[in-house]
Amino acid sequence: MSIIVQSCRNCGEHYFPYRLVCPACGKASFTDVEIDSGTVEDVVRTAADVAIGTVRCGPRLCVIARLTPTDLRPGAVVALNHTITDGADPAGFVPARTPGLQRKETYIQ
Amino acid sequence: MSGTALVVGTGESPYTRHAPPGTTTGSVIADAVLRALADAGLSIRDVDGFGVSSFTLGPDHAVDLAWRMGLRLTWLMQDTNGGASAGGMLQHAVRAIEAADASVVVLAAGDVMDKAAHERLVATYNRATEEHLAPLPMSGPNALFALQTTRQMQTLGLERVDYGRIATTQRTWASANPGAVYRDPLTLDEYLNAPMVAGPLGRYDCVPPVTGADAVVVVAEHCAAKGGPRARVLAVTASYNSDDQLGDGLVTGLASVGPRAWDLAGVEPNDADVVSVYDDYPSMVVAQLADLGFLAPDEDASKFIAERIATRDLPVNTSGGQLSAGQAGSAGGMHGLVEVARQLHGRAPGRQVGARIGVVSGYGMVLYRHGSCANVAILEAA
């Protein structure tokens with residue numbers, strides 16, 4: 001399991017949500033890459049007992065994820081998925097791009 | 001900035017938690033516009049410039065509203081930046097007046113924000129929200145600002161009681177503002193024991209959505225009546241997407257554009273007599289006051305809140321702010337400008353402070369993790 005994020009073909013920087021132009025190098029050619037896991041930076045629990053956290057995947061990439069189990073603490077490493085998992089293993093759900101907008105590759109130039 | 005533009009009128013369509021049937025976005029904005037013009041001693045026929053911001057105006061646009069209000073214009077703009085809309089429109093309006101594209105400009109913002117409209121807004125705020133946040137599920141930005149507040153607590157050594165002092169002090173200001181929807185005193189105990197929304201944020205850390213609208217009249221010097229309410233716009237600076245959402249959300253764009261505003265205005269934070277900072281959450285009050293230089297980087301933030309804000313030594317959000325007065329959608333940013341202008345006009349009965357220099361900051365538009373737009377306006381009683 002993994003999540004799909006955007007990678008700049010020119011400089012290799014990763015982004016989520018997707019960009020139109022790479023803010024690091026200014027190019028507009030991207031490809032998709034898979035990210036398996038990340039580290040919880042901070043986490044809060046909502047009134048509905050949903051745990052929402054910031055999960056860091058790289059120096060310039062972090063995602064907002066729904067964390068399970070809900071008692072995860074900062075520093076925990078979680079597997080990242082585009083689907084909700086009910087298992088006991090630390091996991092983060094990151095909703096994917098809507099299908100109508102998904103493309104394998106993007107060429108704007 | 002040459003300071004040739006003056007705010008000469010303010011108006012607020014009364015905020016309501018449950019608007020009467022038949023209330024429309026157009027009707028509350030028109031009400032605020034007419035109130036602001038009456039405050040300025042002007043009529044709809046005097047207006048040649050109009051700017052509006054609203055989440056719920058569609059399918060109409062600024063020009064539809066202008067037509068329905070009987071405006072004939074040489075300058076028109078529509079802004080989409082929510083809590084940062086007032087400062088953004090003011091920045092443009094000042095330039096339009098300097099360039100003589102218009103000489104009597106009305107800036108307005110407002111929304112019908114009932115439960116259904118609010119749910120629709122927060123679920124479809126932008127594409128990132130629609131695709132990546134709403135399905136978590138996350139209904140609105142509370143959880144994002146809970147994360148941001150958590151980080152701020154760690155960084156500045158703040159506790160819930162510190163944020164409580166901001167919320168309860170604003171409620172005390174609100175008790176003297178008949179326009180605030182919540183005016184009953186709020187104790188620290190009530191704040192601390194309120195139901196949690198997303199820890200560490202409780203009920204009183206979150207703004208109550210209301211229906212309403214705010215407006216200001218901005219005119220060229222030659223159109224500003226002597227002896228009437230006058231506040232000169234000394235400076236407006238704005239920042240968009242200052243950190244690419246890569247930062248921790250503890251520093252806003254004001255950190256980079258604030259110093260220029262103070263330079264242009266020729267004053268410094270110590271000169272400010274009244275301040276409105278965009279208070280979608282108490283943590284953002286702290287962040288903006290720090291970015292604007294009111295709270296020094298090495299200063300004890302908890303002490304600053306207790307000794308400057310809670311004592312009202314530094315009058316912050318004297319209307320009660322959005323936390324007590326209510327957040328009327330896009331009018332949230334305009335609300336602070338209206339209050340500072342009223343203070344500078346000497347038209348804030350019950351809560352009037354002796355004010356020569358007023359400061360207003362706007363903040364808003366969460367892209368994915370935190371807000372992306374920020375601006376500051378510095379005004380002087382004239």
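In this predicted model, B:S372 is placed in strand β11 (residues 371–381) of chain B; helices (H or I, at least four residues) and strands (E, at least two) are DSSP runs numbered from the N terminus. B:S372 has a relative accessible area of 9% and is buried, where buried means under 20% relative accessible area, exposed over 50% and partly exposed in between (1.4 Å probe, protein chains only). The side chain of B:S372 reaches the backbone oxygen of B:M365 at 2.8 Å. Beyond its neighbours within four places in sequence, B:S372 is in contact (heavy atoms within 4.5 Å) with B:S239, B:Y240, B:N241, B:S242, B:Q245, B:G364, B:M365 and B:L367.

Residues are numbered from 1 along each chain as its sequence is written, and chains are lettered from A and ligands numbered from 1 in the order in which they are written. Because the model is predicted, local features need pLDDT of at least 70 and side-chain atom pairs count only at pLDDT 80 or more, whereas totals for chains, interfaces and linings use all residues; side-chain values use heavy atoms, with hydrogens and water left out.

Turning to the interface, 27 residues of chain A are in contact with 24 residues of chain B. The area buried between the two chains is about 2100 Å², and carbon and sulfur atoms give 63% of this area. Buried area here is the accessible area (1.4 Å probe) that two parts lose on being put together, summed over both. Between chain A and chain B there are 2 salt bridges, a salt bridge being a side-chain nitrogen of Lys or Arg within 4 Å of a carboxyl oxygen of Asp or Glu. In one of them, the side chains of B:D244 and A:R19 meet at 3.0 Å, N to O. The count of residue pairs in polar contact between chain A and chain B is 7, with both residues at pLDDT 80 or more. A polar contact is a pair of N or O atoms within 3.5 Å; within protein, one must be able to donate a hydrogen and the other to accept it, and residues adjacent in sequence count only if both atoms are side-chain atoms.

On the side of chain A that touches chain B, the elements giving two or more residues are β4 (37–45), β5 (51–58) and β6 (61–68) of chain A. Of these, β6(A) gives the most, with 5 residues. By class, this side of chain A has 16 nonpolar, 4 polar and 7 charged residues. In this grouping, Ala, Val, Leu, Ile, Met, Phe, Trp, Tyr, Cys and Pro count as nonpolar, Asp, Glu, Lys and Arg as charged, and the others, Gly among them, as polar.

Over all chains, the structure holds 17 salt bridges. One of them joins the side chains of A:R56 and A:E41 at 2.5 Å, N to O. A:R56 lies in strand β5 of chain A and A:E41 in strand β4 of chain A, so this pair ties together parts that are 15 residues apart in sequence. A:R56 is partly exposed at 22% relative accessibility, and A:E41 is partly exposed with a relative accessible area of 32%.

In chain B, the side chains of B:D31 and B:R35 form a salt bridge at 3.0 Å, N to O. These two residues are 4 residues apart in helix α1 (residues 25–40) of chain B, a separation of about one helical turn. An α-helix has 3.6 residues a turn, so residues three or four places apart point the same way. Both partners count as partly exposed, B:D31 at 26% relative accessibility and B:R35 at 39%.

A further salt bridge connects B:E221 with B:R232, with the closest N and O atoms 2.7 Å apart. This pair links distant parts of the chain, 11 residues apart: B:E221 is in the loop between β7 (211–220) and β8 (231–240) of chain B, and B:R232 is in strand β8 of chain B. B:E221, B:R230 and B:R232 are joined into one network by salt bridges that share partners.

Helix α13 (residues 331–345) of chain B has 15 residues and reaches 20 Å from its first C-alpha to its last, close to the 21 Å expected at 1.5 Å a residue; the expected span is 1.5 Å times one less than the number of residues. Of the 15 residues of α13(B), 15 are buried, so the helix is largely enclosed by the rest of the structure. Just after α13(B), B:G346 takes a positive phi of about 70°.
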